[in-house]
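Student: I would like to learn how to read side-chain pairs, helix contacts and strands in a model. Could we go through them together?

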Amino acid sequence: MAIRAVQQIMLGSVTKNEKETLETLNRIKKAGYDGIELNGFMIRPTSFLVRIMTKMAGMPVGKGGNYDWASLVKQAGLQVVSVHEDLGTIQRESDTVITEAKNFGTDKVVITGMYRFDYSDKNTVLKLARDLNEAGKTLKQSGIHLLYHNHNCEFRKVESEKTAYDLLFENTDPDLVGFEFDSYWPTEAGISAISLMKKLGSRMKLYHINDRGTRLEGASMTPILKSDSMELGYGNMNLKELVTQALRVNVDAVILESHKNWIDKSPLRSLEVSSEFMNREIQGLS
């Protein structure tokens, strides 16, 4: 059965100290989740710039850079499904990344997309594919699998019939590079998420789940409403179809990652509401 997990980026505001962090992890376990996906920039000391940028985006990294995350996760009875890292860190400090992943008991490291990167430039994207292959080769030698996580920028067209994501899929070695597919972002970009999932097939090793809709109540000023992240089953995405496809190709984990538009403005309340869908649909189909 696929592991049900939560992405750590949701938890920055509820992990202000180790005591609160353990309480948060226990609450995640109680809601029915099995694991957590960690971020390198949240489990190690981070620069002031990173902290400011994530806070401005509404997803603060918290103060967990010096916590004993391995111990906290173990105490809560959760498992680490993967660790998110940036490509530069993997290239510069591959031994550190490998050791860290093994210490957490995971064989997956995920690249979370590229910052200040032109996904509309074909040659730039092709170079990224080569870099992913090289990084994947380095990690594989130590038994670690490299995965690439998408947002919406990968769905920019680099030529009339191809997106940057198409190029990354076609030009990375399946033995070296897999994918952690996030269905929210292609949906936001106007792309069929289910078609992409079917194209990825078994190269999709992890699945990021979210829903998309609107929380606005009452009359709107204009006929146009802004869409945003929603609790699972409360938006308009066909999540049952997406989950069915993810489980059909035996993803190792289905990971919740929502983006600050939380019910009651609480990430914990939000993930608990989403757990109703996770527990019912994923457990029922596995």
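Student: Is Glu-23 buried, partly exposed or exposed?

Tutor: Buried means under 20% relative accessible area, exposed over 50%, and partly exposed in between (1.4 Å probe, protein chains only). Glu-23 counts as partly exposed because its relative accessibility is 43%. Before we go on, note that this is a predicted model, in which local features need pLDDT of at least 70 and side-chain atom pairs count only at pLDDT 80 or more, while totals for chains, interfaces and linings use all residues. Residues are numbered from 1 along each chain as its sequence is written, and side-chain values use heavy atoms, with hydrogens and water left out.

Student: Which side chain meets that of Glu-23 in a salt bridge?

Tutor: A salt bridge is a side-chain nitrogen of Lys or Arg within 4 Å of a carboxyl oxygen of Asp or Glu. Here the partner of Glu-23 is Lys-19, at 2.7 Å from N to O. Lys-19 counts as exposed, because its relative accessibility is 60%.

Student: Where do the two residues Glu-23 and Lys-19 lie?

Tutor: Helices (H or I, at least four residues) and strands (E, at least two) are DSSP runs, numbered from the N terminus. An α-helix has 3.6 residues a turn, so residues three or four places apart point the same way. Both Glu-23 and Lys-19 belong to helix α1 (residues 18-30), where they are four residues apart, about one turn of the helix.

Student: How many salt bridges does the structure hold?

Tutor: There are 15. Another one joins the side chains of Arg-27 and Glu-272, at 2.6 Å from N to O. Arg-27 lies in helix α1 and Glu-272 in helix α12 (residues 267-285), so this pair ties together parts that are 245 residues apart in sequence. With 35% relative accessibility, Arg-27 counts as partly exposed.

Student: Which residue forms a salt bridge with Asp-166?

Tutor: That is Lys-199, with the closest N and O atoms 2.8 Å apart. Asp-166 sits in helix α8 (residues 164-171) and Lys-199 in helix α10 (residues 193-200), so the pair ties together parts that are 33 residues apart in sequence. Asp-166 counts as buried at 12% relative accessibility, whereas Lys-199, at 36%, counts as partly exposed.

Student: At what angle do the axes of helix α7 and α8 cross?

Tutor: Axes are lines fitted to C-alpha atoms, for helices over the stretch in contact, and angles run from 0 to 180 degrees between N-to-C directions. The axes of α7 (residues 122-140) and α8 cross at roughly 35 degrees and come within 9 Å. Contact means heavy atoms within 4.5 Å. Among the residues that make the contact are Leu-128 and Leu-132 of α7 and Leu-167 and Leu-168 of α8.

Student: Which way do the side chains of strand β12 point?

Tutor: In a regular strand the side chains alternate between the two faces of the sheet. From β12 (residues 253-256), Ala-253 and Ile-255 point one way and Val-254 and Leu-256 the other way, and all are buried.

Student: In what sense do strand β1 and β12 pair?

Tutor: Two strands pair if DSSP finds at least two bridges between them. Strand β1 (residues 3-7) pairs with β12 in the parallel sense over four bridges, and Ala-5 has Ile-255 as its bridge partner in β12. Strand β9 (residues 204-209) also runs parallel to β12, joined by four bridges, with Leu-256 of β12 as the bridge partner of Ile-209.
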